Amino acid sequence: MDELNRRHFLLRAGAGLSAAWVSANWPALLSAATHAHNAAKAATPPKSEFFTPEEAAEVEAITARLIPTDDTPGAREAGVVYFIDRGLATFWTDDQKTYREGLPDLQARVGEMYPSLSKFSGLAAEQQDAVLHSFDENTDAPRRAFRVRPGAQSFFEMLRQHTINGFLIDPDYGGNHDGVGWKVIGREREHMFQAPFGYYDKEYSGWQPEAKEADKK
Amino acid sequence: MTVDQPKYKTSDEVDFVVVGSGAAGGIIAKELSTNGFRVVVLEQGPYLTEADFNHNEIETLALDKLTNHPKLQPNTFRKTPSEKAKPQRALVYGRCVGGTSVHFTANFWRFHEIDFVERSKVGAVAGTGLMDWPITYADLEPYYTKVEWEIGVSGLAGASPFDPPRSKPYPMPPLPVKSSGVIFERAARKLGWHPFPAPMAILSQARAGRSACINCGFCLSFGCEVGAKSSSLATAIRMAERTGRCEIRPNSYVHRIETDANGRATGAVYFDEKRNTHLQKAKAVIVCANGAETPRLLLLSANKQFPNGLANSSGIVGKYLMLNSGGVVIGQFEHPLNDYKGFAVSRVMHDFYELDPQKVGFYGGGGLDARFDFTPISFAFGGLPPETPRWGKDFKAALAQDFNRTMEIFCHGTSLPLENNSFSLDPDLKDAWGLPALRLTYTDHPDDLKLGNWMFARAHEIFDAAGAQKKWSFPAREQQFAVHLLGTCRMGKDPKTSVINSDHQTHDVKNLFLCDGSSLVTSGRGQPTMTIEALAFRAADRITELAKGGEIST
């Protein structure tokens, strides 16, 4: 990593970090800076690799109902469809079949529910939600899985999970465009943090051994 | 690799071959090579280093970059031995140099005196194999101290009135407190309990050429990219390499221990990356492959002389598996905690470490900790209140509202050792190398579930005392997925009820040693790695003494 990039990174990282802390942790910060730099280099610009343009428009419309745009950005602004597309061409190749079979099913369902229309993306928002509800089996997905493993059940469930992944993954890895997903949930996009972290530890006066016990006596 | 290692030939009879490079294998390799022995460590996973670790949740969590892979290494599960097991992912462990210590939470409590003598103290528990250890806390104390000072543990000695005696303070102060820790500490003290700064195997200060934690927030399940987490990779493995006598050989999948006509181990047979088979010859074999793979390797090594598997004259290899009971209660608060910053845990409580079965009506005990171990994606799947819609406007609003205001109280508890709970070889399913897959058989003892629910109730009391806006949990459920892999080749004096003696030597094969989670006799209260590492330091001392006294080679 060259000096300019390093300085840029540390400037970005520097907000809220004290000079003493930065200097004490300098080697670790450099290492983190190198990671961020390498990850940024690895991110690829959006281009369709798996979906046809028509499929991409349909999938984007679905993601936009799963995580909609309101007064804050949603899946559309996060470029989730590009992330899913790249995923299906690379790390999610096992899931291609579910999409190949699921998209025509979706098309058919749109035709059944709204005979005059054929495309999901052509429906009004309420109609889109009605179609998605008809697919959502509300499977009893374990609320606290140790790991983020899609159960690979239905097309809907897979798309739901892929959309969440594309919206919330660290932006350095190709999704969550411009970090909008993290802005929505309030996660700062830094590689390092210094205490205090939140409201409740800000006023903490330090560890007091057994103060309560002493008071009681 | 940071330094030049020796390259031993497989035909060289080295002093020790160590199977597995995790919490135990790393330390044993480091100790034995430091003591002058020639050591080869065979690790089934790749040699990843800090430069390979990142914050990619998909790669790390879903695609198993650091862990056993369900496609290559499928498993089966059943509740009882009378059922036919069904294919399902049944366990996770670290599959890389450093093993599970690379991605663990790094909660590093010592076991207490009670854990070693519980059978004597509470008496027999009908239908279980609960028994005392052949060693006591006092035997292990010097080695706990070694772990703290040589591997690197942050903490505050004397902060918990329930702590067992210690010979030395921690080598460095605790990590900073998080908002979850402050909330937990204030509320628990209000209730008259004794929370204390969490002992963590993460550096709070730069030490031994390693960086202090920079609070990046991708800790549990991830490898530490600055080497602040005290994994075997960041510590013992590097020290072993520096001796110039230890070779770490990654991508080496050991599937048989060879024995000779005299019933002695002669070496370990493994597949290399290209699936060629080799026999690494050694004077003694030490298996540290974890509480699932260690018994599996012994069972895979069955031959004419040892028809039930190696070191299995007792018939209990793989049995008495304990997974630790417990679970999580989640709470939400008014103001931002921003608990995604930093490591997971900053406060722990041991008031319920020893519960009186006469009073509570069940066996067991546990610890509680204040944490946030979610990442953004895992939070969206597991951190929201159960009634939250799973998609759409209200789902998004909940994510935005809750991510920064949520914390967890994790309840960690005992599991009783039951003979039916086990890892064994599946009779049908094979792994990608054509070897029998791991089969998990498990049904929690009713007391383990009662304990879980009892601790959840205490966690709810803490959230109430803290003024949480919302809190929830689910009743303790029977487990079907293993993370802590304990007790499957347990230590004991009697060869009929244990697999290894207190020197970690198998009762049946004098130059075969086992050390990892499988060695544990009781489950402790949910944080086993510290004890596995202390056992490893002690085992290395014992093995060194036996080797120098000529008791292994004859």
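By salt bridge I mean a side-chain nitrogen of Lys or Arg within 4 Å of a carboxyl oxygen of Asp or Glu. Side chains of opposite charge can pair when their charged atoms come close.

Quick housekeeping. This is a predicted model, where local features need pLDDT of at least 70 and side-chain atom pairs count only at pLDDT 80 or more, while totals for chains, interfaces and linings use all residues. Residues are numbered from 1 along each chain as its sequence is written, chains are lettered from A and ligands numbered from 1 in the order in which they are written, and side-chain values use heavy atoms, with hydrogens and water left out.

So, how many residues of chain A are in contact with chain B? It's 71, and they touch 81 residues of chain B, where contact means heavy atoms within 4.5 Å. The buried area between the two chains is about 6,500 Å², and carbon and sulfur atoms give 59% of that. Buried area here is the accessible area (1.4 Å probe) that two parts lose on being put together, summed over both.

Between chain A and chain B there are five salt bridges; searching the whole structure, over all chains, gives 44. Take B:Lys341 and A:Glu188. B:Lys341 sits in the loop between β10 (325–332) and β11 (345–349) of chain B and A:Glu188 in the loop between α9 and α10 of chain A, so this pair joins two chains. Helices (H or I, at least four residues) and strands (E, at least two) are DSSP runs, numbered from the N terminus. The closest N and O atoms of that pair are 2.8 Å apart. B:Lys341 is buried, at 7% relative accessibility, and A:Glu188 is partly exposed, at 38%. The cut-offs are under 20% relative accessible area for buried, over 50% for exposed, and partly exposed in between (1.4 Å probe, protein chains only).

Now for two pairs inside chain B. B:Glu141 and B:Arg110 meet in a salt bridge, 3.0 Å from N to O. B:Glu141 is in helix α4 (residues 137–152) and B:Arg110 in the loop between β4 (86–87) and α3 (113–122), so the pair ties together parts 31 residues apart in sequence. Both B:Glu141 and B:Arg110 are buried.

Then there's B:Glu419 with B:Lys319, at 3.9 Å between the closest N and O atoms. Those two link distant parts of the chain, 100 residues apart. B:Glu419 is partly exposed at 40%, and B:Lys319 is partly exposed at 28%.
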